[in-house]
Amino acid sequence: MSRFDGDWYSPTRLHDSPTQYHFPGDRFIPNRSLMDLDQAHSLLTSRTREVSDSTISDEYRRKLEENLSCDKEGRPFRMLVFRGSPKSRKKSIPFIEEMQQQDEAEALYNMNMKLSQLRRLPKKESRVLDAARINDDYYLNIMDWGKRNILAIALGSDLYLWNAETGKSEKLMQVDDQGDYPTSIAWSEDGRRVAVGHLSSKLQLWDSETSKRIRSLEGHDDRVGTVAWNGQILTSGSRDKSIINHDVRARYSLICRVQMHSEEVCGLKWSSSGNKLASGGNENLVYIWEASMMCSSNFLYQCNGHRAAVKALAWCPYQSNVLASGGGTLDGCIKIWNIQKGTCINSIDAKAQICGLEWNRHHKEILSGHGFSATGHQNELCLWKYPSMSKIGELKCHSSRVLQLSQSPDGSTVVSAGADETLRFWEVFGPPVRDDSRVSDLDSLLSFKRSLIR
């Protein structure tokens, strides 16, 4: 690599050619050596105001102005002007111009890529499946997409498994008791067992590979409308107003029973870390529970503000202390809670019943599924930007209300179950976008393209 010529940056060279300049760096720090301070002092002291003096002729005044506007060698010169190196006379430095051109090209390319990657909602669903005899009941949670890419859905008194990779479906179980049917479903974290709550208050575990019932769990006196897993702990919520934690490994599984809600427990959701549980009730309240303190029936926070039942709950995947909740028909609001403080940090009126919420794991967005509405916003899916909660767009294909949402294991697809007896699959979240613009501190220090050392 050739050496930098010190004279190339010298004030003398900068001063010699004042007509065309080139600034090679990302900034230019002015230097007093570029200024003729004696001349500046003369101008400031002798020309603060023009004084008419009849003894000074016009010719003398003209010559005086010419001398004050020229440098010592008689060339035009302006005071207090920042000057770079003369472009026409600078010596070439290997790689400098090439690196600048590459940086400009990269900046243009990155700008075009960002423009091309603006989020666009799909115009229609990617797949539609029939869901005959699905129960049109807001308080049920009868669909879940497991880690092994198998969707479980309750249709009437039957429970079906649909394999997203092969497209094949099979019946896992059928409720023979007249008047009874599945009212809640949840896959275990390994994707092998399915927990099924019933209208008759039964709670069962089924093996998806052998299609056999593993065991039954007791404790509730009314329908089990919501279930959620936390490792080997299965939590269930019921119309009997209670929440029960079962250790599915233990012979006597009931380890904790909490009764704080004054109405039916409509929704349950464990945080990704497993240390906090959110529960929503028909009395319009959300409770936050610390896993280690549930047996004492002491909740962490009570979140109020909804004006209808709270079924839809979703923990933010990139902010562990943020929870989203959605209210029923008379409320129609999505609320974002800071769980560390127990405060509501945002509330958006969606103008429709909130039946489901799903966070986008690849982009900072949240999808809501809607039911009844008095303002024409019913039966649609809405995508919201987080944290501003500005609406990105809407999806309108269901002819009846959306009952529930569930997300694929890779986080790219969302399925909506509708009262129109269809399951609609949406490629709404898309694959993760690789952000090449992020550069580590070490890369920044080692890259000559990030900054020029002068």
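Which residues lie nearest the centre of the largest pocket? In this predicted model, Asp-144, Trp-145, Lys-269, Trp-270 and Glu-358 hold that position, within a lining made up of 43 residues. The elements that contribute two or more residues to this lining are strand 4 (143-145), strand 8 (182-187), strand 12 (224-230), strand 16 (265-270), strand 20 (310-315), strand 24 (354-360) and strand 28 (402-407). The space in the largest pocket amounts to about 1,300 Å³, and its lining, when sorted by class, comprises 21 nonpolar, 15 polar and seven charged residues.

Strand 16, one of the elements of the pocket lining, also belongs to an open sheet of four strands, which are arranged in the order 16-17-18-19 with antiparallel pairing. Strand 16 and strand 19 (301-303) form the edges of this sheet, each of them pairing on one side only, and the twist from one strand to the next averages 20 degrees. Within the sheet, strand 17 (residues 276-281) is joined to strand 18 (residues 286-290) by five bridges in the antiparallel sense, and Ser-279 has Tyr-287 of strand 18 as its bridge partner.

Aromatic contacts were examined next. A pair of aromatic rings is described by the distance of the centres and the angle of the planes. The count of aromatic pairs comes to nine, and one of these pairs is formed by Tyr-287 and Phe-299, whose arrangement is edge-to-face, with 5.0 Å from centre to centre and 65 degrees between the planes. Because Tyr-287 lies in strand 18 whereas Phe-299 lies in the loop between strand 18 and strand 19, this pair ties together parts that are twelve residues apart in sequence. Tyr-287 counts as buried, at a relative accessibility of 4%, while Phe-299 is partly exposed, with a relative accessible area of 32%.

Phe-299 also pairs with Trp-289: the ring centres are 6.2 Å apart and the planes stand at 85 degrees, so this pair is likewise classed as edge-to-face.

Key:
Residues are numbered from 1 along each chain as its sequence is written. This is a predicted model: local features need pLDDT of at least 70, side-chain atom pairs count only at pLDDT 80 or more; totals for chains, interfaces and linings use all residues. Side-chain values use heavy atoms; hydrogens and water are left out. On a 1 Å grid over the protein atoms alone, a cavity is a set of points where a 1.4 Å probe fits but cannot get out, and a pocket is an open set with protein on both sides within 12 Å along at least five of seven lines; lining residues have an atom within 4 Å of a point. Grid points are joined across faces, edges and corners, and a volume is the space filled by probe spheres set on the points. Ala, Val, Leu, Ile, Met, Phe, Trp, Tyr, Cys and Pro count as nonpolar, Asp, Glu, Lys and Arg as charged, and the others, Gly among them, as polar. Two strands pair if DSSP finds at least two bridges between them. Axes are lines fitted to C-alpha atoms, for helices over the stretch in contact, and angles run from 0 to 180 degrees between N-to-C directions. Rings of Phe, Tyr and Trp (its six-membered ring) pair if their centres lie within 6.5 Å; planes under 30 degrees apart count as stacked, over 60 as edge-to-face and the rest as tilted. Buried means under 20% relative accessible area, exposed over 50%, partly exposed in between (1.4 Å probe, protein chains only).
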